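Please view the sequence and the structure together while reading.

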Amino acid sequence: MPSHILIAEDSSSQRSMLTALCQQLPDVEVHEASDGRWALQAARQMAQVDLVITDLNMPGMDGIELIEQLSRLVQMPTLLLLSGHVPELLSGCMRAAEELGFPAIAYLAKPIDVDVFQGEVQRLLLAARRPASPERAIPLAEIFSGLAQNQFCAFFQPIYSQTEHRAVQVEALARWQHPTYGVIGPGSFINRLEHEGFIVLLTRRIVQTSLDLLARDPCASDLRLSINLSRSLLEDADFFDWLVREVESRGLQPNRIVLEITETMAFSDLGHTLVTLLRLRMRGFELSLDDFGTGHTNLEQLKELPLTELKLDRSLIRGIHHAPRSQSILDGIIRIGRELKLRMVAEGLDNRHDLAYLQHRYPDLELQGFLLSVPVAADELSRHLGMDDNSAQA
């Protein structure tokens, strides 16, 4: 079955060029509209829309209004946003589209690079073809059964040092090896377990398998390990006492364990959060502020937290090579991070242009993202630890 692309562009020459580029790709059907209103009408009438490519600045219904209207469709398409007149609005529109729930989004400033454009189109069409996650229909009792039968495990995504040209850290991410559906991601079961108060059971399982990797696998003998903490775990003194025992029983140094919290978690109850974080630092654990750049942290608050690492959110990193405002913001964050002597990680890297920009401008920044390595099972990790090899394969 072909993929269906809808192009909304008021310039007939631009529309023709975009259509021709899309038609060079295998197994696609392209539909055209000269403004947002016609595009919306076409989307409502089409049985299937996999990708909408829209210019932002169009007469009548502009691309921004079109995005909002498309979000009301029963089956939302993926999006590719284009702009020549207001490129500084592209990242903001992408963030709005993410909040509206579109499954995958990208943006490009005009004039477009043909290879980059076709690469983004193919990526978005692939994302549109991915089946809906089966875990959303799985009863909660089956999730508990999976936990009891040790079907949950950790996958690991490397974090690379540019100076050492290799992975120096891995982030542990929960996966469910379901006997029927195969490997299931955390998208729905994490929140459900958190809501039901059982997230600690999953986290303990992930921590144990991850610590075993550090203690027993030669390929991980000098890696740090990142573990994500939920709000409930941040307030669970028993969990931290258990964590200390698990680390000590394997002969591991606490400074190899990096505990990640989000900005929202850090400042929703600052007094209690500070007490917990200070206890962890006193024990020797490292602390990371995840998704940095999406919240409202001020410098005074950042100075108060006993952090060792900042993880820069993907929304700031994505498209950084052609986003002057994001570049200015990142310059400021990097300067502050260096002054506070924090290790910094750029997460969410998914294209070579952003990678090249960061490598050229911030050689001390550590890097993480699908471009370098997807999360992998423990037995595959050793093949993904060299940064140069991963970059070449991306």
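Phe152, Trp176 and Phe189 form one aromatic cluster. The model is predicted.

**Aromatic residues**

- Seven aromatic pairs are present in the structure.
- One of these pairs joins Trp176 and Phe189, whose ring centres lie 6.4 Å apart.
- The planes of Trp176 and Phe189 stand at 90° to each other, and the pair is edge-to-face. It counts as edge-to-face because the angle between the planes is over 60 degrees.
- This pair connects distant parts of the chain, with Trp176 in strand β7 (residues 166-178) and Phe189 in helix α7 (residues 189-196). The two residues are 13 residues apart.
- Trp176 and Phe189 are both buried.

**Second largest pocket**

- The second largest pocket holds about 310 Å³ of space.
- Its lining consists of 14 residues. Nearest the centre of the pocket lie Ser91, Arg95, Ser315, Leu316 and Ser326.
- Two or more lining residues come from each of the elements α4 (90-100), α14 (314-317) and α15 (324-339).
- Among the elements, α4 contributes the most to this lining, with five residues.
- Sorted by class, the lining of the second largest pocket comprises five nonpolar, five polar and four charged residues.

Technical notes
Residues numbered from 1 in each chain as written. Predicted model: local features only at pLDDT ≥ 70, side-chain atom pairs only at ≥ 80, totals over all residues. Heavy atoms only, no water. Phe/Tyr/Trp six-rings, centres within 6.5 Å; stacked < 30°, edge-to-face > 60°. Helix = DSSP H or I, 4+ residues; strand = E, 2+ residues; numbered from the N terminus. Buried < 20%, exposed > 50% of the residue type's maximum accessible area, 1.4 Å probe, protein only. 1 Å grid on protein atoms, 1.4 Å probe; cavity = no way out; pocket = protein on both sides within 12 Å on 5 of 7 lines; lining within 4 Å. Points joined across faces, edges and corners; volume = space filled by probe spheres on them. Nonpolar A, V, L, I, M, F, W, Y, C, P; charged D, E, K, R; others polar.
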